[in-house]
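Hello,

Here is the structure I promised to pass on. My notes follow below it.

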Amino acid sequence: MQQVFEFFEKLLDTSDWPPRWHCGKWSDFHGWLFIISDLLVWSAYFVIPLIIIRYISRRQDARFFKLYFFFAGFILACGATHLIDAFAFWYPAYRLNALFRFATGVFSWATVIYLVRLLPVAFSLRSSNQLEAEVENRRQAEYKFRNLLEAAPDSMVIMDESGAIQLVNAQTEKMFGYGRAQMIGNNVEMLMISKFERLLAIGRSLRDGAATAGPVMERVECFGKNVRGEQFPIEISLSPMFTDEGLLLTATIRDVSEMKRLEREIREANSSLERKVLLRTAELEVKNRELEQFAYVASHDLQEPLRTTTSFVDLLRKRYYGQLDSNADQYLDFISQSSDRMKVLIHNLLDYSRLGKEKELVTLCCNELLQDVLHDLDQSIRETNAVIHSVTLPQITGYKTEMKQLFQNLVSNSIKFRKKDSDPAIDINAVKENGHWTFSFKDNGIGINPTFHEKIFVLFQRLHKRSDYEGTGIGLAYCKKIVELHGGKIWVESLPQQGSTFFFTISETQ
Ligand code: ADP
């Protein structure tokens with residue numbers, strides 16, 4: 001301890017040693033070589049820290065800031081030992097020399113420890129090759145991005161949070177008529193009739209949503225404004241982009257003038273079509289009513305002269321039958337048969353025109369309705385050995401007499417138009433689909449050529465001679481009118497000699 005005190009007391013005391021010149025045998029050359037070398041090393045060691053400090057003061061972004069200070073201190077301390085060595089030739093302050101060496105040693109080890117601790121971080125840093133490769137990758141990505149941007153069919157504008165345009169593509173120049181340089185840096189409001197705040201608010205809410213819901217986009221409709229001040233409808237797809245410089249908004253802008261024009265045209269065409277359909281329907285309804293009225297009046301008024309003709313023919317037959325020649329008798333027969341037939345036709349026509357008039361809609365059980373019909377047709381069923389099979393039929397709302405007539409016409413036709421060589425078999429079915437019941441009456445009769453599938457529903461249309469099959473050709477016209485009266489439709493599927501299936505629909509909620 002005594003020595004330590006003595007050491008610091010005599011720190012600058014040089015009396016214990018002779019100057020280095022007098023210690024041993026120095027030639028001038030040897031001594032000055034020593035001194036100049038030490039001074040060269042010291043001066044270089046002095047300048048290096050200055051350079052380091054200047055470097056750090058300029059490069060605020062330099063990494064490992066502390067390391068530079070450690071290096072500067074370490075080099076400065078090393079230099080100082082050389083300076084003292086040079087001075088020792090005249091001023092042998094060996095205690096100060098030892099202190100400087102000790103300080104240099106401590107600084108050197110502090111630097112070593114710091115370096116060792118820094119090593120893992122330094123290893124994890126990317127090499128300049130890696131950095132160059134990364135820069136190259138980024139350059140290529142940017143190149144691709146720009147190519148994509150330019151090739152996009154829509155105008156694309158990238159703007160920052162203040163609305164300043166950062167990037168545009170060729171389509172933007174084409175759509176708005178501005179040069180790229182005119183747009184970059186300017187507010188996006190120069191291109192549209194919409195406040196940028198609106199877009200920003202949407203962009204921000206998208207950004208907040210993106211944190212939870214992933215990438216998002218929203219469509220905004222507004223008006224674009226080109227360099228000539230002309231306005232046109234545009235659709236903007238807005239999406240946020242996160243960058244080091246903050247939130248950027250990407251707007252993909254599409255000129256929708258053509259689409260809007262087409263939409264308008266379609267709307268106008270639709271409404272004019274609707275108007276035409278309404279007009280036509282109204283015209284048809286009037287014509288239908290007129291026709292019904294005509295049929296009613298005609299058939300009603302025809303009855304009177306027909307009755308007169310029939311009664312006079314009857315009178316003629318009573319009084320003069322057998323008194324005239326045989327031709328006259330035959331003529332009288334013809335007149336009376338035709339009159340009878342005309343009577344039936346006029347009756348049918350009258351009934352047809354009256355269908356659904358002044359009647360009430362009621363709930364009908366189709367099973368009961370069918371039983372009534374089969375009861376009425378009992379005789380012909382028995383005579384022809386007809387077999388009729390039906391599933392359980394539904395309840396519907398309808399006109400009772402008319403529905404019964406419909407069932408009756410279909411069943412009696414299936415019996416009437418049976419094949420000569422087989423007994424009639426009729427299958428009745430009803431299935432529920434899309435809010436209505438589809439009934440089907442399937443038989444194994446003579447079938448119908450597809451050419452006549454529509455024609456048979458027309459009033460007085462028949463496919464056979466009266467001598468082959470009795471009838472007036474009004475039955476299916478009746479059926480059609482009854483089904484339409486209930487809001488349904490009727491059709492047939494059939495091939496000659498392969499039976500027929502008549503379908504009709506009745507609304508479920510009628
Ligand atoms: P009608 O029975 O008085 O001849 P319809 O209007 O009932 O009149 O029938 C029109 C025509 O449709 C019939 O003449 C017949 O040719 C054909 N037809 C109707 N029902 C059937 C059926 N079930 N099988 C084959 N043909 C049929």
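Which residue takes a positive phi in the hairpin of β10 and β11? N434 does, near 45 degrees, and the hairpin has two residues between the strands.

First, the ground rules. This is a predicted model: local features need pLDDT of at least 70, side-chain atom pairs count only at pLDDT 80 or more, and totals for chains, interfaces and linings use all residues. Residues are numbered from 1 along each chain as its sequence is written, and side-chain values use heavy atoms, without hydrogens and water.

**Strands**

Helices (H or I, at least four residues) and strands (E, at least two) are DSSP runs, numbered from the N terminus. Strands pair if DSSP finds at least two bridges between them. β10 (residues 425–433) pairs with β11 (residues 436–442) in the antiparallel sense, over seven bridges. V431 has T438 in β11 as its bridge partner. β8 (residues 387–390) runs parallel to β10, joined by four bridges. There, S390 is partnered by I428 in β10.

**Helices**

α3 (residues 65–87) and α4 (residues 94–124) pack at about 155 degrees, axes 9 Å apart. Axes are lines fitted to C-alpha atoms, for helices over the stretch in contact; angles run from 0 to 180 degrees between N-to-C directions. The pair is therefore roughly antiparallel (over 145 degrees). Residues in contact (heavy atoms within 4.5 Å) include F70, F74 and I84 in α3, and F100, F107 and L118 in α4. By class, the contact has 15 nonpolar, six polar and three charged residues. Nonpolar means Ala, Val, Leu, Ile, Met, Phe, Trp, Tyr, Cys and Pro; charged means Asp, Glu, Lys and Arg; the others, Gly among them, are polar.

Best wishes

Conventions. Parallel < 35°, antiparallel > 145°, perpendicular 65-115°, else oblique.
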